[in-house]
Amino acid sequence: MSQNFKALVISETSEKKYIRSFEQKNTDDLPAGEVLIRVQYSSLNYKDALSSIGNKGVTRKYPHTPGIDAAGVVIESSVPTFRQGDAVVVTSYDLGMNTAGAFAEYIRVPAAWVLPLPNDLTLLNAMIYGTAGLTAGLCIRALQQQGITPDKGEILVSGATGGVGILSVALLAKLGYTVVALTGKPEASDLLMSIGANRMINRATFEDNSPKPLLKSTYAGAIDTVGGNILASILKSLQYGGAVAACGLVASADLHTSVFPFILRANALVGIDSAECPMPIREAIWQHLASDWRLSDDTLATLHQIITLEQVPEKLDLMLAGKAWGKVVVAI
Ligand SMILES: NC(=O)c1ccc[n+]([C@@H]2O[C@H](COP(=O)([O-])OP(=O)(O)OC[C@H]3O[C@@H](n4cnc5c(N)ncnc54)[C@H](OP(=O)(O)O)[C@@H]3O)[C@@H](O)[C@H]2O)c1
């Protein structure tokens, strides 16, 4: 099949500026892969925002179409595992990084990246979760593996109004944890409490700049989406035997800490990667998201907004400025 379609394209100028435009592409232009998918929904992730401004750690070559999340319907498949009309989800791997992504009407990807849409999830619901939901799920799984059960105490979530943060708050609350939301947006207090946060901390008051190696033992665990001094401050504040699942770098990719949280409080720092996460673990997390961890329709409705493909550039700018909130789903 050869089909024209619309895509957001980021182009690099000779002055290393990154220009956004909407272009007509053809499915013949798409990379090789076994499965051609008509994208119905995508969603915004911080990685897409980095790709849109020429971050070479995310995207090496331009022109490029970002979009690491896709939910849609199979149009063509050269493998028996997927058939025309199947509803499917693709998140991360190389999609939207160096493989043309889902801010477009069509993608073509290797079959190994494609997950059948879990039973009981709609394509829209799958993109309300998206990579952010998978990542939040991986963080929760990591805390569980460290023995952090709801009775152990409070769980802190940083970047609480962001995509990964807001889903972490809602999923932890659903699983019975007591959640402390750390946010730079005090005005989002009602929103965060309505999806299950127990109390809020204003980011401006949280960071510790003292030379103290440890602070008051407070949190049983944490999900950190921002890195830098916030992650260092969280590490100083965990209870004995506590753990933090670290997945992000919005504040900083640097981490200046000491060994004291590890050797005096037996704390664990667990790294989370959703991009190359093996398919069996992905499937397990998606099954949880569709069943026992499934958020109520009210919660899902509260924590997302839907935009058009044409609105993606302005929302990516909001994200880069730290002003976006919740999950932003793109109806393609
Ligand atoms: N490891 C993985 O597999 C994986 C997967 C997905 C995402 N990530 C990473 O996780 C992070 C969050 O991704 P996302 O898609 O959820 O992004 P997002 O929606 O843009 O959320 C980021 C949130 O961080 C907070 N924030 C913004 N600027 C900040 C600053 N200077 N200092 C401290 N906090 C700040 C804001 O929340 P508040 O205003 O509420 O504080 C913001 O909403 C990114 O670094 C992303 O690359 C990693």
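Modeller: The C-alpha centres of domain 1 and domain 2 lie 29 Å apart. This is a predicted model, in which local features need pLDDT of at least 70, side-chain atom pairs count only at pLDDT 80 or more, and totals for chains, interfaces and linings use all residues. Residues are numbered from 1 along each chain as its sequence is written.

Colleague: What makes up domain 1 and domain 2?

Modeller: Domain 1 is 4-117 + 304-331, and domain 2 is 132-271. The bounds come from an automatic or database domain assignment.

Colleague: How many residues of domain 1 are in contact with domain 2?

Modeller: 7 residues of domain 1 are in contact with 10 residues of domain 2. Contact means that C-beta atoms, placed from the backbone, lie within 7 Å.

Colleague: Why is the ligand said to lie between the domains?

Modeller: Domain 1 and domain 2 both give residues to the shell around the ligand, so it lies between them. The shell has 32 residues, and the closest are G159, G162, T183, G248 and G322. A residue is near a molecule if its C-beta atom, placed from the backbone, lies within 6 Å of it.

Colleague: How does the shell divide by class?

Modeller: There are 14 nonpolar, 14 polar and 4 charged residues. Ala, Val, Leu, Ile, Met, Phe, Trp, Tyr, Cys and Pro count as nonpolar, Asp, Glu, Lys and Arg as charged, and the others, Gly among them, as polar.

Colleague: Why is A266 called partly exposed?

Modeller: A266 has 13 other C-beta atoms within 10 Å, so A266 is partly exposed. Its phi is near 55 degrees.

Colleague: What is the span of helix α8 set against?

Modeller: Helices (H or I, at least four residues) and strands (E, at least two) are DSSP runs, numbered from the N terminus. The expected span is 1.5 Å times one less than the number of residues. Helix α8 (residues 279-290) has 12 residues and reaches 16 Å from first C-alpha to last, close to the 16 Å expected.

Colleague: Which residues of α8 are buried?

Modeller: They are R282, I285, W286 and L289. Seen down the axis of α8, they fall within an arc of 100 degrees, so they line one face of the helix. The arc is that of the directions from the helix axis to the C-beta atoms.

Conventions
A residue is buried if 20 or more other C-beta atoms lie within 10 Å of its own, exposed if 12 or fewer, and partly exposed in between; C-beta atoms are placed from the backbone. Two residues are in contact if their C-beta atoms, placed from the backbone, lie within 7 Å.
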